[in-house]
Amino acid sequence: MKYIIANWKANKTVEEAKEWSDKFLSNYQPRANLTPIICPPFHLVQGIYESFRTVSSVAIGSQDLSSFEDGAYTGEVTAKSLSSFITYALIGHSERRTYGNESENTVAKKVSLAKKYGIEPILCVRNENDNIYSDSDFIAYEPVAAIGTGKNESVDTVLAMREKMDLPAQMKFIYGGSVTSENSSSYINHELIDGLLVGTASLDPLHFCSILESIR
Ligand code: PGA
């Protein structure tokens, strides 16, 4: 199975999300070996869940979740509350680590709360120095220099990092950083790369569909 994840970041209104979903659904061809995962911002999670309710091959994820379980934590969105809608959650994205000052301790709490509520954490790491938690089955390697810059890391460098990380056998390895339909094929068709995390290029549903189609 290959996993291609759309990370919309802090983009799209309710209307724009509806338009994206309609366009996506009129172009999307399900494939037995592909799971697209759509990760909208929190305010769109329920709407996307409803738009894709009958499309069993498409999964929904969040871009983050709270490190608190529930209670008096104004503004937090918990794993428990998200678990009705999502199957996956990105955890520890470099933008959360930087702009949210997220520590390894916080990332670890989020991974374990996701697991507790039946959500599969997709742990994002910047390099081999970020912790890898063995209770996460998905690791997304996203070198900071490649995110949103148009400077995607070469397949060879990505594979060298995978080797350095010495991952447990069951762990799925995902690459992210300036993935487009022009470069996606060389990553996604490599046997050691299980998926792609796509930011900018996922904002356009047709571009995202053409990345999905690059799987052979
Ligand atoms: P990008 O973002 O595709 O715009 O580089 C990837 C990400 O940060 O998940």
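Trainee: Hi! Where does the ligand sit?

Mentor: In this predicted model, the ligand sits in the largest cavity.

Trainee: Nice. How many residues surround the ligand, and which are the closest?

Mentor: The ligand is surrounded by 13 residues. The closest are Lys9, His93, Gly148, Ser178 and Thr200.

Trainee: And by class, what does that shell have?

Mentor: The shell around the ligand has 7 polar residues, 4 nonpolar ones and 2 charged ones.

Trainee: Which atom of Gly148 lies 2.6 Å from an oxygen atom of the ligand, backbone or side-chain?

Mentor: For Gly148 that is a backbone N or O atom. Side chains take part elsewhere: Glu142 has a polar side-chain atom 2.8 Å from an oxygen atom of the ligand. With Asn7, an N or O atom in the side chain is 3.2 Å from a ligand oxygen.

Trainee: What share of the ligand's accessible area does the protein cover?

Mentor: On its own, the ligand has 280 Å² of accessible area, and the protein covers 98% of that.

Trainee: Changing topic: how many salt bridges are there?

Mentor: The count comes to 13 salt bridges. One of them joins the side chains of Asp64 and Lys110, with 2.8 Å from N to O.

Trainee: Where in the chain are Asp64 and Lys110?

Mentor: They are in distant parts of the chain, 46 residues apart. Asp64 is in the loop between β3 (59–62) and α3 (79–82), while Lys110 belongs to helix α5, residues 104–116.

Trainee: Why can side chains like that pair?

Mentor: Side chains can pair because their charges are opposite, when the charged atoms come close.

Terms used
Residues are numbered from 1 along each chain as its sequence is written. This is a predicted model: local features need pLDDT of at least 70, side-chain atom pairs count only at pLDDT 80 or more; totals for chains, interfaces and linings use all residues. Side-chain values use heavy atoms; hydrogens and water are left out. A residue is near a molecule or strand if one of its heavy atoms lies within 4 Å of it. A polar contact is a pair of N or O atoms within 3.5 Å; within protein, one must be able to donate a hydrogen and the other to accept it, and residues adjacent in sequence count only if both atoms are side-chain atoms. Accessible areas come from the Shrake-Rupley method with a 1.4 Å probe; for residues, only the protein chains shown count as cover. On a 1 Å grid over the protein atoms alone, a cavity is a set of points where a 1.4 Å probe fits but cannot get out, and a pocket is an open set with protein on both sides within 12 Å along at least five of seven lines; lining residues have an atom within 4 Å of a point. A molecule sits in a cavity or pocket if more than half of its atoms lie within 2 Å of its grid points. Ala, Val, Leu, Ile, Met, Phe, Trp, Tyr, Cys and Pro count as nonpolar, Asp, Glu, Lys and Arg as charged, and the others, Gly among them, as polar. A salt bridge is a side-chain nitrogen of Lys or Arg within 4 Å of a carboxyl oxygen of Asp or Glu. Helices (H or I, at least four residues) and strands (E, at least two) are DSSP runs, numbered from the N terminus.
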